[in-house]
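Please consult the sequence and the model shown below.

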Amino acid sequence: MSTNDFNESPLIEHLLELRGRLVRALIGLGVVLLALLPFSRTLYTHLAMPLISQLPAGQSMIATNPAGAFFAPLKLTFFTAVFIAVPWLLYQAWAFVAPGLYARERRLALPLLGSAMALFYIGCAFAYFLVLPAVFHFLTTFRPEVIAITPDATAYLDFVLAIFFAFGASFELPVAMVILVLLGWVTPQQLREGRGYAVVGIFVVAAVLTPPDVVSQLLLAIPMCILYELGIHASRWLMPRDQDKTASS
């Protein structure tokens with residue numbers, strides 16, 4: 001067997017392992033999707049409740065597109081399946097990359113991965129149970145009486161998914177800060193000193209990611225400021241002791 005054959009063998013093995021992990025991930029996602037399909041209408045009804053509860057009695061959503069009433073619940077079901085299957089998908093990714101990591105990297109990666117996943121779920125739950133009802137209450141309360149709110153089913157779904165992604169991703173701030181510290185790009189001391197700039201940046205990000213109303217902007221900016229403080233403490237706790245002493249000196 002030639003030297004090239006020896007060099008190509010590990011690459012082929014990695015590609016086969018990657019293919020196997022992708023197939024397992026897709027199969028798991030498919031199983032969850034099939035299990036959720038019978039509940040598509042129920043899922044959409046629950047998702048619409050934050051807005052429906054704020055509309056006048058007897059008023060509901062419309063579908064400006066003839067196929068919207070059919071595809072909107074299916075689209076929601078798919079994203080719900082991805083949402084539920086995230087632990088399985090991340091496990092497959094972890095099983096693929098873990099053998100190439102050092103022991104310390106594996107010890108740090110697992111808590112960071114679990115924290116990132118938990119924070120994303122918390123951000124989405126925060127958006128559904130607190131942000132959406134508050135935003136829709138604000139928008140429907142201050143609308144002129146001559147304007148009737150007739151939300152489109154597909155547009156509403158896109159709006160809510162964008163809110164979920166914005167809050168889920170924004171709640172990852174402490175994990176991102178810890179990773180930056182572990183990579184040596186910043187120190188906890190620099191994060192503390194830059195707190196004022198960070199607060200300004202957080203409010204700018206909140207204004208960009210949320211609808212143009214004060215309620216949703218504050219409901220995103222205030223938790224992010226709290227999470228920034230948590231990120232400082234977490235990064236200092238996880239920072240290697242030798243680097244911590246060097247940074248403090």
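Is Arg-21 buried or exposed? Arg-21 is buried, at a relative accessible area of 17%; buried denotes under 20% relative accessible area, exposed over 50%, and partly exposed the range in between (1.4 Å probe, protein chains only).

The model is predicted, so that local features need pLDDT of at least 70 and side-chain atom pairs count only at pLDDT 80 or more, while totals for chains, interfaces and linings use all residues. Residues are numbered from 1 along each chain as its sequence is written, and side-chain values use heavy atoms, with hydrogens and water left out.

Across the whole structure, 3 salt bridges are found, a salt bridge being a side-chain nitrogen of Lys or Arg within 4 Å of a carboxyl oxygen of Asp or Glu.

| Salt bridge | N to O distance |
|---|---|
| Glu-17 and Arg-21 | 2.8 Å |
| Lys-75 and Asp-158 | 2.6 Å |
| Glu-229 and Arg-195 | 2.5 Å |

Helices are DSSP runs (H or I, at least four residues), numbered from the N terminus. Lys-75 is partly exposed at 33% relative accessibility, and Asp-158 is partly exposed at 34%.

Glu-17 and Arg-21 both lie in helix α1 (residues 3-36), 4 residues apart, which is about one turn of the helix. Glu-17 is partly exposed, with 32% relative accessibility.

For the remaining pair, Glu-229 is partly exposed at 27% relative accessibility, and Arg-195 is partly exposed at 31%.

How values were computed: Helix = DSSP H or I, 4+ residues; strand = E, 2+ residues; numbered from the N terminus.
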